[in-house]
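Please read them alongside the coordinates.

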Amino acid sequence: MYFVYILFSLKDRRLYIGFTSNLKKRLLEHTQGEVRSTQNRRPLKLVYYEAYHDRVDAQRREKYLKGGNGRASLKIQLQTCFSTLGYRYIK
């Protein structure tokens, strides 16, 4: 099983999108500061994830969500969550 996940930084109010085959382990790595791209953005909160059977499908979805159309669809899909968290996104 492969996972695409979205973390919200409570420090800088921005998102991190990633993918992994072991979600629990990866989240622990993020929260312990072992991931270079998020170590200075802690504390982090998991706000969303999706599961995939195929690695390529998960990677494709991660890439899509990191792009313009993907981010736009996230803003619509998770707008209540984002407004509650105070997510600062550029329109």
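1. R61 and E50 form a salt bridge, with 2.9 Å between the closest N and O atoms; the term means a side-chain nitrogen of Lys or Arg within 4 Å of a carboxyl oxygen of Asp or Glu. R61 belongs to helix α2 (residues 55-66) and E50 to strand β3, so the pair ties together parts that are 11 residues apart in sequence. R61 and E50 are both buried (under 20% relative accessible area; exposed is over 50%, partly exposed in between; 1.4 Å probe, protein chains only). Helices (H or I, at least four residues) and strands (E, at least two) are DSSP runs, numbered from the N terminus.

2. This is a predicted model: local features need pLDDT of at least 70, side-chain atom pairs count only at pLDDT 80 or more, and totals for chains, interfaces and linings use all residues. Residues are numbered from 1 along each chain as its sequence is written, and side-chain values use heavy atoms, leaving out hydrogens and water.

3. The salt-bridge count is five. Among them, E62 pairs with K66, the closest N and O atoms being 3.1 Å apart. E62 and K66 are four residues apart in helix α2, about one helical turn. E62 is buried at 14% relative accessibility, while K66 is partly exposed at 43%.

4. In helix α1, R26 and E29 sit three residues apart, about one turn. Their salt bridge has its closest N and O atoms 3.0 Å apart. R26 is partly exposed, at 22% relative accessibility; E29 is buried, at 18%.

5. R41 lies in the loop between α1 (23-31) and β3 (44-52), and is buried with a relative accessible area of 16%.
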